[in-house]
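This report is meant for a reader who is new to the structure shown below.

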Amino acid sequence: MTDVVFYFQVHQPFRLRRYTFFDIAVEDRYFDDSENKRILQRVAERCYLPMNKLILELIEKHKGEFRVSYSLSGTVLDQMELWAPEALESFQTLAATGYAEILGETSHHSLSSLTDLSEFEGQITTHADRIETLFGKRPTTFRNTELVIDEKIASLVERLGFTALLGEGADHLLGWRNAHHVYRPEGCTKLDLLLRDYPRADDIAFRYSNKTWDQWPLTAEKFARWIHEAGPEDAFVGLFMDYETFGEHQWKETGIFDFFAGIPAAVLAQKRFRFRTPADVAAEHEAVGRLAIPRPVSWADAERDVSAWLGNPMQRAANEALYAIHPQVLELAAAGDKRLLEHWRRLSTSDHLYYMCTKHFSDGEVHKYFSPYASPHDAFIAFMNVLDDLDRRVKQATTSVRAHPEKQS
Amino acid sequence: MLGWEFPPHISGGLGTACFGLTQGLATHGVKVLFVMPKARGDEDARFVDILGANQVVLEESIQLPRKTVVEERVEEGADLIEREIEVPVVLDTSDEQGQRLQRSFELLEVDSLLRPYSTEREYVVRLIERETAFPRPQGATVATKTIKLRRRIPWRRLVSSEREVDQEPLKRRRMLEFSGGYGAHLMDEVARYALAVEEIARRHEFDVIHAHDWMSVPAGLAAARVSKKPLVIHVHACEHDRSGEKVNREVKAIEQLGLDGAHRIVCVSHYTAGQLRRHYKLDDKKVRVVHNALTQKEQKERVKVEKAIDDPIVLFLGRVTFQKGPDYFLEAASRVIRVRPRVKFVIAGSGDMLSSMIERAARMGLARNVHFTGFLQGEDVERMYAMADVYVMPSVSEPFGISPLEAMALDTPVILSRQSGVSEILRNALKVDFWDVQDMANKILALLAYPALQEQLTDEGREEVRAMRWEHPAGLVRDVYTELVGAR
C-alpha cells in the first residue's frame, strides 16, 4: 500500500504596526490588531471555514479512507480565539473525527531552532500543552517552522517524545534517494522522517491556477494519475502545503475547491492507494535508511535553505538583537512577568524576518506577495524600533523586579 | 538621433543619458548618427557618429518678399511767362517841340517794381525784364504805355517715386550658428536646429528618428516629414517637471506637437508617463517606459574621505528649488534633532529658495544643526556624498533623478522620494512620500541607529548600481525601433 499524506499548515503572524522611531518609549502597542483581525477573518471566510467543511464532508463520505493532518501555529490559534472562534471550532470538529491529525510545532512559528534550542524546546512544549487542551490529544508528529530540519533539531524532537518529523524532500538532501520512503535522521534512534514530494505538492500549491503551465487545467483525475505513478514499494506521498492555498492564494473562482473535492475518489480508485496521517505512516512503515542533514533544510525558495530568513545583514542583525534580550525576558517570566515574554515570542515569528528578505527576481515576487511592507528595509525598521522599545521595557521591568522582587510574585 | 548635448559639453543629465543610450545601442548593433546643435569635435564618438548642425552646409533658395524700389529722375522744363506791363513813354527833348512840351507839364516818376498782390516770383521776373529787356531810354518820361511781354523761364527738378517689385529667390550656401547651450535665444536656436536637421535628413540614410526632449521636437518632426521615417520622442522631463505651475506655453505647445507627431514616446519613468497623461493629450498606446542607467564614468570608485567631525551627516544635494523639496528636508531635520540633537544636516547647492531656507532654518532653531555649503562641483560633490551618512532626495517631482545612484555608487545609503522615476527601479534605498516628513525622519533615525541597515543598503546597493548598465535599457529602445521598422 502507498499512503497519500496531506498535511496543511495553518498560520497567521501578528503583524506589526507602522512603528516609527518616534513611538519608541511612547507606544507599547506593537501589533496591528485591526489589520491582523481583517486578514484573519478574511482567510477564515475564504479558506478555513469552507475548506474545513469540505474536508469534513470528504472524511464522512469516505469513512476513514480519507485522512488529513494540520499544524496550527499558536499565533493563529490566538487570532481565531480572538476574532474567528467558529473557525477554531471547525478545526476541533475535524480533529474529533479521529481522521485529522493535529501536529506539533513551535508555539510562535519561530525559527528558534536555528538560534536557541532551549527557547525552541520551550515553545514546542508550550504548544503541545495547548494542542492537548484544545484538541484532546498530545501531538506525536512534529513539523518545524517552514519545515526547517537538521540533525540537531531532529535529535531534540526525538528527545521530546515525538515519533515522526516532517521535512522537505530537497534534491540536495535526498540525492539519488526517493522521497516516498521513511528515513531516519542521522543521530536519531527511532524518529521517522517523512519528506515532502515537492513536485506533486507544488502542482497544487503553486501551479494549479497558472494558465501558462503546460499542464493547465489540472483535474483531480489527472492529479490522481500522477499520484498513481508512485512505485509499489513506495511507502507514502507527502503532500505538504499551506492551507491558505485553498481559497486565499488560489481563489475559489479557480475551481480549487471542486478540484480538491474530486481528489479522494480519484486517488482511491486504485486500491493500492489510501490516505493516511503522518502518525499512521510512522506506525506502519519502517525507516529504509539514514539521512545526513548537516545543514538546515527548509521548504522555501529554490535554495531550500534558511536564506529567506537569515540571508542578509538586516535579518541576521534583527535576529541577533532579538535573541540578545532573550535571557532577560526569560528571567522576567520566571519572576512572574510573562507579558513581555509573549511580546518577545510574537516577535520571534519567522514572518518578521521573511518580510526583510531581499532575494529578488523569481523568489522575490513570492516574498512581496506575503509582506505587509512596501520594502524589506521598512520591515527591518519597524521591527528594530519595536525591539528597541521592548528592550527598554525589559530593562525597566528588570530593574524594578530586582528592586522589589516580592511585588512580582 | 537628435539631442541637445553630448559629453563632454553637458549641463545636465540629458547629455549623459544620450551618451549612455548610444553606448548601449552600440552593443545591440544599432548604428547611431547623433545630431546636436553644435559639435565641437571633442565629443566622445567611440559609439556614434557625431554631426553638429553647425557643420551643415545649407543650400537655400530663399523666397524674399516683394521689394519697394525708390526711383529718382531729373525733370526739366520752362515756364512761359506772359505779362502786360506798362512802360514809360519818354519825351524826346532833343528838338524844340519836345522842349516846349517839357515845359508845359511836369511828370514825376517813382521808380518802383512793386505791384499790389505780386508774388516774389513775379517780382523777380519783372526785375529781370527791366534790367535786360528794357534799357531805359534817355529823356523825360511823359506818359506810360502798356506793352505785352512774353518770356520763357527754364527750370530743373529732382523727382522720386516708389514701386513694389518681385525679387529673385536668393540662392545661397551657408552654415547656421549655434551656441549649443540653453541661452536667451533658445527658441531661435531650436528653429535653426530644425532647419539644419531637415537638410541632414535629406542627405542621410536611416530607419528611425529618435529625438530627445522638446528642443529636438521641431527637428524630429521636420526630419520625419522629409524622410517619411518613424519618429521616436524620448521624454526626459516635461515642462511640468521643469517649471511646476509656471509653465512656458510655447514649450508646452512644442511638446504637445511632439507627442502628437511621434510614432512612439519613450518616457524615462512611469512617473513621467503619468505626468504626460495628466497634463497633455496622449495616446497611451504609443508610450513605452525605459528607465535610465549609469555610464561607466558615473560608476565611480569609492572616494576615501576623512571625516573631521564625529556627528553623523545627513545630506541634501541639488538645486535649492521648490521642485527638489528642501523645505521637507528641513522639516524632517527638526524632527530628527528633537530625538538626536547631535546630527548635522547639510544642504549643498544653490537656487531660488536658498535664502528663504537659511532664514527658515534659523527661525526653526536649527542654525547649529543645518549647514549650507552653496553650489558644489567636481570632486567636491563626490567628497560630499562620501562624507554623508545618509543622502536624502526629497524631490516633489523628479522625472528620473540620477543623484541617488551616484550616492549609492559612493557607498552612501539613500532615502528618496517616491515621487521620482528612479524610485521605480531602485530596490536598495529607503523610500518615502516627500510630504511625509515624519516617515522621512523615522528613516533617517533608523539609518543612524541600525548599522545593519546601512550595511544592507550599501552592500546590495553597490551591486545594484553596478548592474544598472545601459545595455538593458538600450535593448528596450532597440525593441521599439524594431517594432516601428517591422511595422512598415
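The model is predicted: local features need pLDDT of at least 70, side-chain atom pairs count only at pLDDT 80 or more, and totals for chains, interfaces and linings use all residues. Residues are numbered from 1 along each chain as its sequence is written, while chains are lettered from A and ligands numbered from 1 in the order in which they are written.

Chain A holds 19 helices and 10 strands, which are DSSP runs numbered from the N terminus (helices: H or I, at least four residues; strands: E, at least two). Of its 409 residues, 51% are buried, that is, have 20 or more other C-beta atoms, placed from the backbone, within 10 Å of their own.

Helix H2 (residues 74-83) of chain A has seven of its 10 residues buried and is therefore largely enclosed by the rest of the structure. The buried residues include Gly74(A), Val76(A) and Met80(A). Among the elements of chain A that cover them are these:

| Element | Residues |
|---|---|
| Strand S1 | 2-10 |
| Helix H1 | 33-62 |
| Helix H5 | 117-135 |
| Helix H15 | 339-347 |

In chain A, 15 residues are in contact with 17 residues of chain B, contact being C-beta atoms, placed from the backbone, within 7 Å. Helix H13 (313-324) and helix H18 (376-403) of chain A each supply at least two residues of the side that touches chain B; the largest share, four residues, comes from H18(A).

Key: Buried ≥ 20, exposed ≤ 12 C-beta atoms within 10 Å, placed from the backbone. Contact = placed C-beta atoms within 7 Å.
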